[in-house]
Amino acid sequence: MTATRTAGAARVPLPRLLARTCAAEWTRLWTVRTSWWFLLAAAVVLVGLGTVAGVESAGDPAQSGGDPVWAGVTVFVMPAQFALFGLALTAVTSDHATGGIVPALQWTPRRGVLLLARAGVAVATATAAGVVLVLASALAAHTAHPDLTLPVGEGLDALGTVALVVAAGAALGAGLGFLLRSTAGALVAVFLLVLVLPLVLPQFGLAWATSVAEALPGSGAAYLLFGGELPGMSRASSVTVLLAWAAGALLLGWLRLSRSDVR
Amino acid sequence: MIAVRGLTKRYGTVLAVDDLTFDVEPGKVTGFLGPNGAGKSTTMRAVLGLDRPTAGTALVNGRPYAALDEPLREVGALLDPGAVHPGRTGRAHLRIAARTNGLPLRRVDEVVEQAGLGAAARRRIGGYSLGMRQRLGIAAALLGDPGVLLFDEPVNGLDLDGVRWIRGLLRRLADEGRTVLVSSHLLSEVEQTAERLVVVGRGRLVADTTTEELLRGLGGRRVRVRCVRPDLLAPALRRRGATVEEVGDAELQVQGLSAEDVGEVADSVRVPLHHLSDVQQSLEEAYLALTAGSVEFAGQDPVPTGADR
Ligand SMILES: Nc1ncnc2c1ncn2[C@@H]1O[C@H](COP(=O)(O)OP(=O)(O)OP(=O)(O)O)[C@@H](O)[C@H]1O
Ligand SMILES: [Mg+2]
């Protein structure tokens, strides 16, 4: 029995190995309550704010109607994104907090495969949830005030922007999770980079502080979501900033996971 | 088959494992013994690729664990049973394990049954007792029907029934031809199940031998006996070749005879016994004896002595 068993350790093609690990990560994600809470929080914020916006504009005689709903609802991603980042981030950190990383690496000893699957599933889930919930938010606004229009072209643009912002932020969260291994630490870091520092730094009125703020992921996200005009920033620069932060965090997370002992 | 070669692991200033070399062979239970902090868990973690060795290698079936695509089909391991996400049910935990290694989900039900987890498998792990977590860890280790099994202190926290169950399981797994390595800090815990013993102390190999030999090296098994007439019994035992030592009021410690022999001798001189028992030798004692130079292993190089016996 042992002879046949030890004769050949089966090689599994990498795509199949990744697919299996992703399936396992998917099960991991939805068999803990935290994920559902984060998803619920994002849904409440987006659908709730969408409904409120619709009701408000219906009651406002100054609003002539015929305005597209999209510009309004993408702004709601600004608060809601943190719940989605939390979802992605805890998908990574909860194993380190509970010791579940030990069996996880026992079952998937190739750490690159584990990182790819874990980050991939977390980011894809957060992104898909973001897009679906923004769509739901727009429909809620439209239902509350049917004069608000839902132009398809603009809608696709808006959903694309939301997908980009949420995917980059979720990847940042996952990367920081792998790097810091602590839920609280990674959450604080995400809040600082995405919310606090981009707001606070420009207040000093110092040129360098403002430049630093513009290079933070929160500024890029705000630029894209608010669709406003800011001196010194463009769509291209915002996208670059977001992707660079996401890639950088994942790289640092990979360095820690691949090099260190795990417990 | 597990092959550890020159394994060294340093945590900062702590040398947890120091140039350790030994093999674990199939078809037997091998006990991995050493006092607290001797480096047993560290060695197992290195075998499983969780800790990176500072030097040396640890191979399973000739390959590093981290290179295995489907490790559960080759190696099952129980480390810290508490290292699991408490929010999942036992079944969800096992289902994830099965997914990662491409194992059929019916194996989950089979190992739940085998590990005696029963209805608890549908409850959250956070509510499990230590014994149930132990069983869950064992279920996960058995999931892929592996040929190599590692258990780190599996009887820790188990009740008598659980201990007996683990002992039977270990024996059965070895009898099926599997390689079984089980760690403990108490010799008494593994001496009935393990045929071979790898003993470590302060990260170094102290002995690699059979259980019989180790006990003999310690001066054989000892028996304690209490009776009303030790003055009669002691000479009778000595006539049978035993070494007898008075250890207390009307109590003797006998070396060189089994408890059965002592009982017969007592009967032959018509001394009623009040107490008769085997002395449990703790590994701490064995370890001290082995390193104190008071037994035959003293002065031997810490190299595997088992292969040529
Ligand atoms: N992550 C770590 N950082 C620093 N020192 C460590 C670490 N892990 C283990 N050690 C040290 O390495 C030594 C060996 O520890 P290990 O856990 O392997 O011992 P053990 O034989 O399993 O002991 P026990 O019987 O108590 O489980 C100990 O001195 C321990 O303090
Ligand atoms: Mg230990």
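A polar contact is taken here as a pair of N or O atoms within 3.5 Å, where, within protein, one atom must be able to donate a hydrogen and the other to accept it, and residues adjacent in sequence count only if both atoms are side-chain atoms. The model is predicted, so local features need pLDDT of at least 70 and side-chain atom pairs count only at pLDDT 80 or more, whereas totals for chains, interfaces and linings use all residues. Residues are numbered from 1 along each chain as its sequence is written, chains are lettered from A and ligands numbered from 1 in the order in which they are written, and side-chain values use heavy atoms, with hydrogens and water left out.

**View 1. Polar side chains of chain B at ligand 1.** On its own ligand 1 has 640 Å² of accessible area (Shrake-Rupley method, 1.4 Å probe), of which the protein covers 64%.

**View 2. The shell around ligand 1.** The ligand is surrounded by 13 residues (a heavy atom within 4 Å), the closest being B:Gly37, B:Gly39, B:Lys40, B:Ser41 and B:Thr42. Because these surrounding residues come from chains A and B, the site is shared between chains. Helix 1 (40-47) of chain B and strand 2 (14-24) of chain B each supply at least two residues of the shell, and helix 1 of chain B gives the largest share, three residues; helices (H or I, at least four residues) and strands (E, at least two) are DSSP runs numbered from the N terminus.

**View 3. The interface of chain A and chain B.** In this interface 35 residues of chain A are in contact (heavy atoms within 4.5 Å) with 46 residues of chain B. The buried area, that is, the accessible area (1.4 Å probe) that the two parts lose on being put together, summed over both, is about 3500 Å², with 51% given by carbon and sulfur atoms.

View 4. Between the two chains 17 residue pairs are in polar contact, both residues at pLDDT 80 or more.
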